[in-house]
Amino acid sequence: MKIIKTLFLSILLLGFVSCDDDDDNQVIEETFNFTAQLSEINDSGANGTAAITVEGDNLTVVVEAQGMTPGEAHPQHIHGLENGEENATCPPESADTNEDGIITIPEGAPFYGDVILPLGDFPTADANGNISYEKTFILGENGNPTAEDLAALQNRVIVLHGMNDSDDAYVPTTPVACGELELSIQ
Ligand SMILES: [Cu+2]
């Protein structure tokens with residue numbers, strides 16, 4: 001009789017354990033990693049890499065770029081199409097609709113969309129034109145988009161801006177490098 005009782009208790013206990021395993025009320029903060037290869041736009045000579053890690057409401061961005069205009073601040077953003085369901089892309093040369101040789105922000109917008117998150121403070125390229133940037137943003141705070149607003153980051157792109165025009169005047173808005181974010185499976 002004692003054995004049966006023990007057995008019964010064991011089964012009951014096992015039952016509880018497996019119930020715990022199925023508990024989906026637990027908050028599990030998964031980490032998602034995204035990467036982008038940044039390629040030049042507008043014959044800027046700029047290129048680089050970007051990596052984004054999202055853990056709960058923390059979004060950390062790392063940008064490493066070369067060939068940027070030395071000593072200048074370079075605006076950089078996560079861009080995307082409305083609601084994030086459509087995949088944003090980097091603009092092809094044909095995006096230069098007025099054919100003046102420069103794809104401007106609005107000319108690129110049909111491909112990469114609006115600014116979803118400005119990656120401030122914008123970094124200044126060193127004397128060799130290199131940028132090394134890392135910052136963590138809290139989603140839903142300080143005017144940052146929520147995780148919901150960001151939607152699927154693999155549908156977003158990163159755009160770096162800022163180069164000299166043909167008169168050697170620095171134009172901070174001109175897109176110089178772009179990369180489509182991809183989810184990297186760890
Ligand atoms: Cu931008």
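Analyst: Phe 32, Leu 183 and Ile 185 make a nonpolar surface patch of about 300 Å². Patches consist of residues with over 30% relative accessible area and no salt bridge, nonpolar side chains (Val, Leu, Ile, Met, Phe, Trp, Tyr) being joined within 5 Å and like charges within 9 Å; a salt bridge is a side-chain nitrogen of Lys or Arg within 4 Å of a carboxyl oxygen of Asp or Glu. Areas come from the Shrake-Rupley method with a 1.4 Å probe, and for residues only the protein chains shown count as cover. The model is predicted, with local features needing pLDDT of at least 70 and side-chain atom pairs pLDDT 80 or more, while totals for chains, interfaces and linings use all residues. Residues are numbered from 1 along each chain as its sequence is written, and side-chain values use heavy atoms, without hydrogens or water.

Phe 32 is partly exposed, at 35% relative accessible area, where buried means under 20%, exposed over 50% and partly exposed in between (1.4 Å probe, protein chains only).

Asn 144, in the loop between β6 (131–138) and α3 (147–150), is buried at 15%. Beyond its neighbours within four places in sequence, Asn 144 is in contact (heavy atoms within 4.5 Å) with Leu 117, Phe 137, Ile 138 and Leu 139.

His 77 and His 161 are also buried.

Notes. Helices (H or I, at least four residues) and strands (E, at least two) are DSSP runs, numbered from the N terminus.
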